[in-house]
Amino acid sequence: MTLPRVLTIAGSASQGSAGIQADLKTFQELDVYGMSAITAIVANNSTTEQGMFTQTLESIEAQIHASLEHVGVDALKTGMLFTEDIIIKTAEMIRNAGVKKVVVDPVMVGKMGSKLLQDDAIDALIKHLIPMASIITPNLHEAGHILGCPPPETPEDMKMMARDLFHLGPDYILIKGGGLKGYPAVDMLYDGSGIIELESERVSTIHTSGAGCTYSAAIAAELAKGCTVEEAVKKSKSFVTSAIRHSISFDRGIGSTYHAAHRKI
């Protein structure tokens, strides 16, 4: 028996809703073999003085090599990379490995407001990683940060930004409009020639932790299974919408998307 193989290179979110944890749950639900390379451990809390622990380049390199050597990779996604050095090393290893199906989720800020990308790392992201992506999946604020402008406020703004982001070199742009106020939850998918609008209901909930990670992980999983980018995005949009619609509250602030919702409910 064999399964499509997917690697996530991202941060570990100790509370379980986002990052590596969300990615691996998504891979399991979508019946692909998931692997991980942890770039940092995010464990923000009110007790300890420190909640962010960046991994060494040697550790990250070893984890990626272990996945490539012992299993192999059909597709991969990147999430929280945090520093310029990690971005450059990750891009170098992806290039050397010859992986063609690459989803770049340019994670910058967490749901709780924690900073997940250093300021000096944005240029490295633009120069080294985005140009090799099959698709990048920024939310509104990330799209604005990458382009050095305010986030889009209307669907038309999103379309314009998608065209601008395309010039940075990826094959596809997916701008996620979940945070667009006064509009349905609409995402814009652009391939350099045409824009596809992907609209779904706007679920009234604050419990959306891990939604972006889950969306990009699902896209990587569907690409590994042989879907086109357009097919992968449409299936993943449905998957993450179900996860948000049936999200989990722990009565402790922002809760988690529910990764099993698409299968169980």
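This is a predicted model: local features need pLDDT of at least 70, side-chain atom pairs count only at pLDDT 80 or more; totals for chains, interfaces and linings use all residues.
Two strands count as paired here if DSSP finds at least two bridges between them.

**Strand β1 and its partners**
- Strand β1 (residues 5-13) has eight of its nine residues buried, so the rest of the structure largely encloses it.
- On the β2 side, Ala10 sits opposite Ile38.
- To get from β1 to β2, the chain goes through helix α1 (residues 19-29), and this β-α-β crossover is right-handed.
- β1 also runs parallel to strand β4 (residues 75-78), with four bridges joining them.
- Over in β4, Val6 has Ala75 as its bridge partner.

**The largest cavity**
- Its volume comes out at about 50 Å³.
- The lining residues include Thr78, Gly79, Asp105, Pro106 and Leu129.
- Sorted by class, the lining of the largest cavity has eight nonpolar residues, two polar and one charged.

**The second largest cavity**
- This one has a volume of about 30 Å³.
- Leu7, Ile64, Leu68, Leu76, Met93, Ile94, Ala97 and Val99 make up the lining of the second largest cavity.
- Helices α2 (57-70) and α3 (84-97) are the elements that each give two or more residues to that lining.
- The largest share, three residues, comes from α3.
- The lining of the second largest cavity holds eight nonpolar residues, with no polar and no charged ones.

Technical notes: Residues are numbered from 1 along each chain as its sequence is written. Side-chain values use heavy atoms; hydrogens and water are left out. On a 1 Å grid over the protein atoms alone, a cavity is a set of points where a 1.4 Å probe fits but cannot get out, and a pocket is an open set with protein on both sides within 12 Å along at least five of seven lines; lining residues have an atom within 4 Å of a point. Grid points are joined across faces, edges and corners, and a volume is the space filled by probe spheres set on the points. Ala, Val, Leu, Ile, Met, Phe, Trp, Tyr, Cys and Pro count as nonpolar, Asp, Glu, Lys and Arg as charged, and the others, Gly among them, as polar. Buried means under 20% relative accessible area, exposed over 50%, partly exposed in between (1.4 Å probe, protein chains only). A crossover is right-handed if, with the strands pointing away from the viewer, the path from the first strand over the helix to the second runs clockwise.
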